[in-house]
Amino acid sequence: MTDVLIVGGGPAGLSAALFAQKNGLETTVFDTDGTWMHKAHLFNYLGVGSQDGSAFMETARTQVDSFGVNRKQGTEVTDVHQTDSGFEVATEDETYEAPYLVLATGANRDLAASLGCEMTAEDVVDVDVTMETSVDDAYATGGMVRAEEWQAVISAGDGAAAALNILTKEEGEHFHDFDTPADADAMFGPGE
């Protein structure tokens, strides 16, 4: 059993995966590669001067893979439902369970609706500031929670917010993910 199941492998899903896995939560991402990033070129993503969206996705995937995220590339989630111990995600071939669920499916809100998440008058998933839905321990991010506002940098922030809230619940106190140069040296070796 994994700790966090993430449906969607765009900026929101991969950001949530990075924060969760990097901080000790076993994370599985289901990614059909339907992200809008393949139609994008980034000029407005802080720290990225100019990058093709597909190249950005390759870098993001490499980064989460380096932390050990279990990425199910090309695997579509067909159903999701709540269980006594959290959530079950079904694909064509298997089912997966975890206590936490992050939905990062862009403007497709079908899984959130089938899970029973409350929607707003604008027909987007209703979330709080931590991206948690009306279903405890289920999170929605990015285009799912904003009508016609699809931005990679906002979506990545949503994913991070969801993961940080999950980590806060796990720790029992507010969780901070703040690294220092010493952390980088310990992880990657001394820089030059």
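Is Gln 21 buried or exposed? I looked up its accessibility. Gln 21 counts as buried because its relative accessibility is 11%. Buried means under 20% relative accessible area, exposed over 50%, and partly exposed in between, with a 1.4 Å probe and protein chains only.

I noted what kind of model this is. It is a predicted model, in which local features need pLDDT of at least 70, side-chain atom pairs count only at pLDDT 80 or more, and totals for chains, interfaces and linings use all residues. Residues are numbered from 1 along each chain as its sequence is written, and side-chain values use heavy atoms, with hydrogens and water left out.

**Gln 21**

I placed Gln 21 in helix H1, residues 11–22. Helices (H or I, at least four residues) and strands (E, at least two) are DSSP runs, numbered from the N terminus. Next I checked its contacts (heavy atoms within 4.5 Å). Leaving aside neighbours within four places in sequence, Gln 21 touches Glu 26, Thr 27, Phe 67, Gly 68 and Val 69. A polar atom of the Gln 21 side chain lies 2.9 Å from the backbone nitrogen of Thr 27.

I turned to backbone angles. Asp 33 is not a glycine, yet its phi is positive, about 65 degrees. Most residues other than glycine have a negative phi. I found Asp 33 in the loop between strand S2 (27–31) and strand S3 (41–42). Its relative accessible area is 30%, so Asp 33 is partly exposed.

Asp 137 also has a positive phi, near 70 degrees. Asp 137 sits in the loop between helix H3 (110–115) and strand S10 (138–140). I logged Asp 137 as partly exposed because its relative accessible area is 22%.

Conventions
Polar contact = N/O pair within 3.5 Å; in protein donor to acceptor, adjacent residues only side chain to side chain.
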